[in-house]
Amino acid sequence: MAHLLALSMPLLAAATPADLVAARSQMALTLGFHIVLACLGVALPAIMLIAEARGLRRGDQDALLLARRWSSVVAVTFAVGAVSGTVLSFELGILWPGLMGQYGAAFGIPFAVEGIFFFVEAIFVAIYIYGWDRLSPLAHFLSGIPIAIAGLGGTVSVVAANAWMNQPAGFTMGADGRISEVRPLEVIFNGATWYEVPHMLLAAYMVTGFLLASVYAIGMLRGRRDAYTRLGFTIPFVVAAIAAPIQIAVGDVAAREIVKHQPAKFAAMELVTETGPQRPIVLGGILVDGEVRYGLEIPGLVSFLAGFDVNTVVIGLDQVPLDEQPPANVVHLAWDAMLACGFALLGLAAWFGLLRLRRRDPTESTWFLRGASIAGLLAIVAMEAGWIVTEVRRQPWIVWGRLRTADAVTAAGGIGISLAAVAILYLALGIATIVVLRALSRRWNDETISAGDLPYGPTGK
Amino acid sequence: MTPAESVAVVLWLGTMIYAVFGGADFGAGLWDLLTGNDRRGKAQRELIDRAVGPVWEANHTWLIFDLVILWSAFPGAFAAITSTLYLPLALAAVGIVLRGSGFAFRKLSLRLTGRRAFGLTFAVSSVVTPFFLGTVLGGIASGRVPQAGGGDPIVSWLNPTSIVIGLLAVAAGAYIAAAFLTADARRSAPTVVDAFRQRTFGAGVVAGGIAIAGLLVLRVDAPRLFEGLTGPGLPFVAGSVVAGSVSLALCVVSDARWTRAFAVTAVAMIVLGWGVAQYPLLLPPDLTIAAAAAPDGTLQALTVITVAAVAVIGPSLALLFWLQQHRRLESHPEGQALSREPRRPPP
């Protein structure tokens, strides 16, 4: 006990600006970690069901084996996702009591909806994973459907909460500074929900599909060219490749919504320093003393993209009070990173499609497989960069135009210690997850797969 | 009943269910820790694995459910609690991470060293996590969380009431877990029935002892809560004592099913008794449920969400438990690989 007391003593100091940075870093770290697992939780069950459906309908034993093995992966990633998600709900209170205390009555509602979906997911993930060989094939397949639906509903709910931070709606402030009236449907379906939700949902399918496909692309580059490995590549890759072009279109719409509703954000994303028509797009580049340096400029393109006309007036950072400007360089570089990865993945998807149209097997092309082997990494970078854009460009606000992040952070000091502890814990958790998954994959590779060796299909009792 | 009160009832019922099912999960981890070396504990650990595997994530979700209801319906109280009791909450969060991941990783580890390390992580964090969560409840119940938040970060949870409730949370979980595992063992692992039956009795006696000693501590440390428990809460306290005693008697005569039912009742009654004892307060000593409540729109939304949750989750959970009780969830994608693993005796 004395040891514990000694540990906690530095935490009694009051919060400082460094604490705010530490609190934001801790939130970024834990959210950035959880979001990868959340993607797998949303999309992997659906991809696994596609494989199982194929296996059951065509009697394809490779597909059944894939579904079964992917469900083992789900067992790990869902568990780690569940606990890392729990950490986030604790952190909302521990790190941001100002946000929850003042806006919980509105902001909290989407999370309450999410609670139902998460519950359903937890129940049916268990039935699906533990039900192999014990349930009839059809019952087993059907037990997976609620997982995919719950993943969808959960994404809508949680992303609606994030969207609300960008376009807060559905509440009235009383004279006492407390929320006096709440309109729940307006909270959930706020102005940013409709474009943030599909963007994240597609991102989840792209991250999961490309990541899974990468694993099998690497397997093929290492010489495993059997039908099982090719199918393990093709199912997730096709899912992700379908999502990629839709994602670019959705992202384009989302960007124009930001021009409309949060021009300061857009100015930071595109490094628009001065308001006016015919603003150039800047690829790369950073802001040094208010000047754009080192970037490649394409004249008029930002104005054109913002309003389909080079003469569209775009609000620049000069219109945004200094104390309301987000850190533009971080936002801009993350934005460019997301776009670069996104278009690279679109190119990869198009390459796959072209080869298939010309009746060629894409998995025969070594160069294509090399590209595909890094697709998972690119998708994760794109998604993480996208979240950095969303979260950092909202600064200094935690609730856009209403509550500053600095006013929402806890008054308890010593967040730096907490951040260090969390960083160590999550490093260990991340390493352990990868080690366990790699051990699984090695075991699978060692098992010989032949058509005669099939204790795997779900067999009814 | 006002909308705020009905949401408060939902909150307490959620806490009650989490105390029972979450407690049983934590308790299973405690028995995993105390069950001896690899060889002696094998049959018992396999039973624990089978019993906890398919249900722990669902059981754990009740905690999330409580958190989202609390922060939406009573946002100020939530912020007051988290800005005061952040240390035990953070420690509990760490425990939850280690516990869940340790359990999942152990399941899929083939090497004995890996299984031991992950198993130990799972088991130790199963013991400390309910303690920290108990200290949080103790801090709230003994009136140490000021309405405005920012209360004493140490004394708010390192105080006699918190420590008693922390210990009670651990012991009650162990008691319910042993009762559940005894019933499970009768169906699938007859050789370990007696071990868990004895543990049910032992843990029940310890939990009952802590509860009674706790009342004496409350009398000095949290007199208002004590008055509540011996006043309006008395029927629940008495009910808990009776149910606990009956379950111990049934344990002696080896009726596993009814032992389990009465053990669950004994623990559930304590949580409900606490709620009744401090009614109409949400955060003693001053903040009432009515004063802490969010606007009606939020409360209505939460009521709809609760009804939807009961309609959707109720049947789903029933299906999960039914399938588990009928041994339809005992496979695992890697199950065959696991059973092939040779178990070496410890060096």
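This is a predicted model: local features need pLDDT of at least 70, side-chain atom pairs count only at pLDDT 80 or more; totals for chains, interfaces and linings use all residues.
User: Now helices. How do I read the packing of α2(A) and α15(A)?

Analyst: In general, two packed helices are described by the angle between their axes and the distance between the axes. Here, helix α2 (residues 17-58) and helix α15 (residues 415-446) of chain A pack at about 15°, with axes 9 Å apart. Angles under 35 degrees count as roughly parallel, so α2(A) and α15(A) are roughly parallel to each other. The crossing of α2(A) past α15(A) is left-handed.

User: Which residues in α2(A) and α15(A) meet?

Analyst: From α2(A), the residues include A22(A), Q26(A), L29(A) and F33(A), and from α15(A) they include L419(A), V422(A), A423(A) and Y426(A). By class, this contact has ten nonpolar, six polar and one charged residues. As for the spacing, an α-helix has 3.6 residues a turn, so residues three or four places apart point the same way.

User: At what angle do α8(B) and α9(B) cross?

Analyst: Helix α8 (residues 193-221) and helix α9 (residues 223-230) of chain B cross at roughly 130°, and their axes come within 6 Å. That angle makes α8(B) oblique to α9(B). L215(B), L218(B) and R219(B) of α8(B) make the contact with P223(B), L225(B), F226(B) and L229(B) of α9(B). The tally for this pair is six nonpolar, no polar and one charged residues.

User: Why is α4(B) described as largely enclosed?

Analyst: Count its buried residues: ten of the ten in helix α4 (residues 75-84) of chain B are buried, so the rest of the structure largely encloses the helix. Among them are F78(B), I81(B) and T84(B).

User: Last one: how many residues does each chain bring to the contact between chains A and B?

Analyst: Chain B brings 63 residues and chain A brings 65. On the chain B side, the elements giving two or more residues are α3, α4, α5, α13 and α14. The chain B residues there divide into 41 nonpolar, 18 polar and four charged.

Definitions and conventions. Residues are numbered from 1 along each chain as its sequence is written. Chains are lettered from A and ligands numbered from 1 in the order in which they are written. A residue is buried if 20 or more other C-beta atoms lie within 10 Å of its own, exposed if 12 or fewer, and partly exposed in between; C-beta atoms are placed from the backbone. Helices (H or I, at least four residues) and strands (E, at least two) are DSSP runs, numbered from the N terminus. Axes are lines fitted to C-alpha atoms, for helices over the stretch in contact, and angles run from 0 to 180 degrees between N-to-C directions. Angles under 35 degrees count as roughly parallel, over 145 as roughly antiparallel, 65 to 115 as roughly perpendicular and the rest as oblique. Two residues are in contact if their C-beta atoms, placed from the backbone, lie within 7 Å. Ala, Val, Leu, Ile, Met, Phe, Trp, Tyr, Cys and Pro count as nonpolar, Asp, Glu, Lys and Arg as charged, and the others, Gly among them, as polar. A crossing is left-handed if the near helix is turned anticlockwise from the far one by less than a right angle, and right-handed if clockwise.
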